[in-house]
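Look at the structure before reading the points.

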Amino acid sequence: YLLKSNEYDKVPIQEELAFAEAYFHLLKTRFGENIVLSVEVPESELDSYIAPLTLQILIENVVKHNVISTDVPIVIRISVCEDSFVIENNVRKKIYSIDTTKTGLANIAAKYKMLEAPEIEVMEEPSYFTVKIPILK
């Protein structure tokens, strides 16, 4: 999927979800019940499009920036709201400093700009981090 996805500007959300769930399976093997993925995408949106690797990058960011422990599991939720895919997670920031260049978010924003799509929205609150990704038709 990684090699194939670079050939396309956009991929069906159904394919992107399948890859994200496969990637998440690896995380589940590592973190067990301490990380949860909830996908609530209506069947009517499965033929919609998204920029390739968007979900994988966002899931990877969750693991990079949050403490994953049995105390409070990290829950990643993928859903649809109006004309956007919404990726949200509870926040449990790591205590030690992580050098972040926000490259992942910048790459996603650049992909959507090249596609002349609406901008992505990033909302950071004390207890939740949310990214809204425009649905590509």
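Helix H2 (residues 13-31) and helix H3 cross at roughly 25°, and their axes come within 8 Å. Axes here are lines fitted to C-alpha atoms, for helices over the stretch in contact, and angles run from 0 to 180 degrees between N-to-C directions. The model is predicted: local features need pLDDT of at least 70, side-chain atom pairs count only at pLDDT 80 or more, and totals for chains, interfaces and linings use all residues. Residues are numbered from 1 along each chain as its sequence is written, and side-chain values use heavy atoms, with hydrogens and water left out.

**H2 and H3**
- H2 and H3 are therefore roughly parallel to each other (angles under 35 degrees).
- Their crossing is right-handed (the near helix is turned clockwise from the far one by less than a right angle).
- Residues of H2 that meet H3 include Ile13, Phe24 and Phe31, where contact means heavy atoms within 4.5 Å.
- On the H3 side, the contact with H2 includes Thr54, Ile59 and Val63.
- By class, the contact of H2 with H3 has 11 nonpolar, two polar and two charged residues.
- Ala, Val, Leu, Ile, Met, Phe, Trp, Tyr, Cys and Pro count as nonpolar, Asp, Glu, Lys and Arg as charged, and the others, Gly among them, as polar.

**H3 and H4**
- Helix H3 (residues 54-65) packs with helix H4 (residues 103-114) at an angle of about 160°, their axes 10 Å apart.
- That makes H3 roughly antiparallel to H4 (angles over 145 degrees).
- Thr54, Ile57, Leu58 and Asn61 in H3 meet Gly104, Leu105, Ile108 and Tyr112 in H4.

- A pocket is an open set of points on a 1 Å grid where a 1.4 Å probe fits, with protein on both sides within 12 Å along at least five of seven lines.
- Lining residues, which have an atom within 4 Å of a point, include Ser5, Asp9, Ile57 and Lys111 for the second largest pocket.
- The lining of the second largest pocket divides into seven nonpolar, two polar and two charged residues.

Notes. Helix = DSSP H or I, 4+ residues; strand = E, 2+ residues; numbered from the N terminus. Parallel < 35°, antiparallel > 145°, perpendicular 65-115°, else oblique.
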